[in-house]
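Hi everyone, thanks for coming.

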Amino acid sequence: MTQPQNPFGRPQGPQFGNPAPHPGQSSFGGWGGGQFQAPGQALPQQQFGQQYQQGTGAFGPGHGAPGQFGPPAAPKKKGPPPVLVGAVIGAGIALIALLVYAFVSGGGSEDVGPDYRNEDYQVPTVSSSPPELKFPETMGELIELLEENPIYEETFPVPVRCDLTLDGATGSLTNDELEDRMTTYIGCLTRAWGPTLEAAGFVAYQPRVTVYPGGGTVNTPCGTAESQNAFFCGGDQNLYLAPDIADVLPPGVASERILFELIMAHEYGHAMQGRTGIFASSAYLAYEEEDESVALELSRRTEVQADCFAGLGLRSLGESMGVEDADVDAISTISFEIGDDQLRERFGGDPSEPGDHGRGENRELWIQRGFNDPGMSVCNTWTAPTSEVR
């Protein structure tokens with residue numbers, strides 16, 4: 001098994017700090033001490049937009065390293081803003097009963113399938129010019145986008161149709177076949193998410209998926225990414241996947257047939273954070289933060305929210321895709337195994353060292369919440385206690 005490169009080195013971004021809280025600070029913690037503008041003061045949009053659009057989300061076992069679906073912990077403050085890490089997965093979904101087809105007899109002649117939601121929704125086509133990202137204009141708006149985002153008031157649609165089934169492990173597919181499959185899958189997620197975004201006042205779009213070779217690299221507006229990776233890039237708002245991302249997992253887990261659907265649901269969750277202003281708001285705080293512990297917590301809150309969003313999507317599409325109890329168990333296992341502590345322990349690091357994506361038990365916790373409850377307020381990680389985002 002190929003091990004990720006440098007998975008446990010210190011972050012190459014700033015040494016994030018824990019200064020005194022600033023007036024009107026958020027409930028999630030101590031950003032602060034004179035670094036941030038007053039809640040009503042305008043943020044520097046030009047610099048902010050540039051740093052965000054150069055951000056990426058990577059699936060990796062260490063800060064900014066491949067292997068652990070998610071966006072940035074904090075980028076560098078000097079030189080070009082580094083990769084903002086993008087995107088996997090937390091889910092302890094034990095004993096969950098999936099939705100089953102409600103077969104209705106029509107005079108004994110034929111069965112009627114489930115009443116799928118959003119069937120009349122026109123899914124946006126993949127575009128090379130996605131709509132502009134959502135940026136907060138003031139510190140007050142930034143806090144509101146994190147803690148009181150309109151998306152939290154919505155209920156996620158269940159079930160939604162997907163013209164794709166889990167008919168076997170995807171590890172045997174060629175890169176082109178996997179890219180076609182993931183493109184169809186992202187279209188399904190967009191059918192579920194689109195009306196939800198629009199009801200909350202945001203603009204929907206469908207990201208492009210690029211599958212690039214294991215052992216190779218891919219050039220993006222966010223920089224050059226190594227393999228053993230999956231990420232959302234803020235520069236083009238697209239999703240990237242290297243099939244050898246599976247190598248960071250134990251062999252039995254790496255062969256689960258739902259693996260890539262889980263990974264890409266998490267990365268798509270980051271894209272939805274981009275649509276709603278959550279990703280940009282978090283990236284701005286992390287970029288400005290001087291305290292490592294605070295910036296890492298900001299990153300973890302971003303990551304486990306993407307896990308929760310992934311749970312929403314997997315539950316919504318699960319009925320039409322034929323998700324079974326064994327797949328639900330696999331979601332839980334994969335999510336736990338991709339936790340900061342589990343990856344470090346597996347590759348010889350210190351599992352007690354704080355990470356930027358979340359411990360296995362908390363990644364499980366948040367994907368389970370999304371999977372079990374379609375009320376999107378359950379995915380508000382920004383008001384959750386620190387114990388749930390370690």
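This is a predicted model: local features need pLDDT of at least 70, side-chain atom pairs count only at pLDDT 80 or more; totals for chains, interfaces and linings use all residues.

Residues are numbered from 1 along each chain as its sequence is written, and side-chain values use heavy atoms, with hydrogens and water left out.

Rings of Phe, Tyr and Trp (its six-membered ring) pair if their centres lie within 6.5 Å; planes under 30 degrees apart are stacked, over 60 edge-to-face, and the rest tilted. That rule gives 5 aromatic pairs. In one of them, the ring centres of Phe156 and Trp193 are 5.0 Å apart with planes at 70°, so this pair is edge-to-face. Phe156 is in the loop between helix H2 (139-147) and helix H3 (175-199), while Trp193 is in helix H3, 37 residues apart. Helices here are DSSP runs of H or I, at least four residues, numbered from the N terminus.

Now, which ring pairs with tryptophan 193 at 5.1 Å? That's Phe309, again with planes at 70°, so edge-to-face. Phe309 sits in helix H7 (residues 292-321), so the pair ties together parts 116 residues apart in sequence. Phe156 and Trp193 are both buried, as is Phe309 (under 20% relative accessible area, 1.4 Å probe, protein chains only; exposed is over 50%, partly exposed in between).

Finally, the charges: Arg275 lies over the face of Tyr205, 5.1 Å from the ring centre, and Arg369 over that of Trp366, at 4.5 Å. The rule is NZ of Lys or CZ of Arg within 6 Å of the ring centre and within 35 degrees of the ring normal.

Key: Helices (H or I, at least four residues) and strands (E, at least two) are DSSP runs, numbered from the N terminus.
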